[in-house]
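Please walk through the side-chain contacts of this model, beginning with the charged pairs and ending with the aromatic rings.

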Amino acid sequence: MEKKRKAVWILSAMSVVLFPVMACSSDEEDELVGNWVKVSDFDGVSRCSAVTFTVEGKVYVAAGGYGGYKYRLDDLWVFNEDSGTWTQKASMDGAARTYAVGFGTGRYGYVGLGYDGDKYLKDFWKYDPSSNSWSQVSDFGGSARRAAVAFSVGDKGYVGCGYDGNHLKDFWRYDEDSDRWVQITSIGGSKRMGASSFVIDNVAYIVGGENNSDAVTDFWAFDPSTETWTEKREIRNASDEDYDDDYGSIARSYGVAFTMYGLGYLTCGENAGSGRNSTWEYDPVNDLWTERTSYEAGTRSEAVGFSIDNRGFVLTGKSGTYQYDDMWEFFPTDEYDEND
């Protein structure tokens, strides 16, 4: 893996996050800040619609599908940040699946829901890194579904939205100590599937997704301390001011989100069946987005992303029926370098 590079951070009044529009010319692309660098490939088979979770500073990737969804996976891999390589761990005991969700707490990782090729699932499984083993926990409190969204804050996991034959907006909290699911207040605004989430300063943000084939443009923040939702500025050109003139390019589903240095990032995904590779940075202090350099490996959706030690990565995903196993790191304040 290439040597770590330290980015010089510049305070900006605006930030970017979700699915931005791609630059129309090389001159326009050169005006955007940020650089993507290819690192060592993911060691597992190429895949899409996998899940990721973090436990004790280690990042794991599990499940997904390949071969145009002909095959579904139940394997698990852990990332070694120092070497940039992956090590295979114990496979899940539950069904191989696509469109699942994952989250991690201080002690365990969790994977559940999704689609096994025949039916939607509601089972949940706990991974214990200390014993490299899986055990089943209580089934999800809501309906069996796919393409839900999940996040964790502290030792609590949160799962909601998705599709069970209808689009959904309900949300549930998982209490690790009691192994119990508790329904909480639903997200406001639209029902959605294929949304993305990121957490900054113990506040979770849910962005994007689709509802009835339309891209969702309402954007919400969730405070677990009060279990309340707050609507943020829409990700569309909703005002007469200049700040949101290009926001229409943010909206998408099946995008990738991660955080670095108190800012949120969203890239890749799709909108109305068209792939996206634009990258946006979100500044929660000003509730504004700024576009950064597009994902350099081309358009794709159903990838996974994660951040570790303020380093952001994107890997796997699909374009059409083709699945990927490449992995890229993003340096948001570097100048774009097409030759690196």
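**Charged pairs and rings**

Glu81 and Arg311 form a salt bridge through their side chains, with N and O 3.2 Å apart. Glu81 belongs to the loop between strand 6 and strand 7 (85–89), while Arg311 is in strand 29 (residues 311–315), so this contact ties together parts 230 residues apart in sequence. Both Glu81 and Arg311 are buried. The model is a predicted one, and it holds 17 salt bridges.

A second salt bridge joins Asp75 to Arg47, at 2.7 Å from N to O. Asp75 sits in the loop between strand 5 (71–72) and strand 6 (76–80), and Arg47 in the loop between strand 1 (35–39) and strand 2 (51–55), 28 residues apart. Asp75 has a relative accessible area of 9% and is therefore buried; Arg47 is buried as well, at 0%.

Arg107 and Glu176 also form a salt bridge, their closest N and O atoms being 2.8 Å apart. Here the partners lie in two loops, Arg107 between strand 8 (101–104) and strand 9 (109–112) and Glu176 between strand 14 (167–175) and strand 15 (180–184), so parts 69 residues apart in sequence are tied together. Arg107 is partly exposed at 42%, whereas Glu176 counts as buried at 9%. Elsewhere, shared partners join Lys156, Arg173, Asp175 and Glu227 into one salt-bridge network.

Charges also meet rings: the charged end of Lys126 sits over the ring of Tyr108, 4.4 Å from its centre, and Arg300 lies over the face of Tyr324, 3.8 Å from the ring centre.

Among the rings themselves, the whole structure contains 46 aromatic pairs. In one of them, Tyr282 and Trp289 have ring centres 4.6 Å apart and planes at 45°, so the pair is tilted. Tyr282 is buried at 0% relative accessibility, and Trp289 is buried at 1%.

Methods. Residues are numbered from 1 along each chain as its sequence is written. This is a predicted model: local features need pLDDT of at least 70, side-chain atom pairs count only at pLDDT 80 or more; totals for chains, interfaces and linings use all residues. Side-chain values use heavy atoms; hydrogens and water are left out. Rings of Phe, Tyr and Trp (its six-membered ring) pair if their centres lie within 6.5 Å; planes under 30 degrees apart count as stacked, over 60 as edge-to-face and the rest as tilted. Buried means under 20% relative accessible area, exposed over 50%, partly exposed in between (1.4 Å probe, protein chains only). A charge sits over a ring if NZ of Lys or CZ of Arg is within 6 Å of the ring centre and within 35 degrees of the ring normal. A salt bridge is a side-chain nitrogen of Lys or Arg within 4 Å of a carboxyl oxygen of Asp or Glu. Helices (H or I, at least four residues) and strands (E, at least two) are DSSP runs, numbered from the N terminus.
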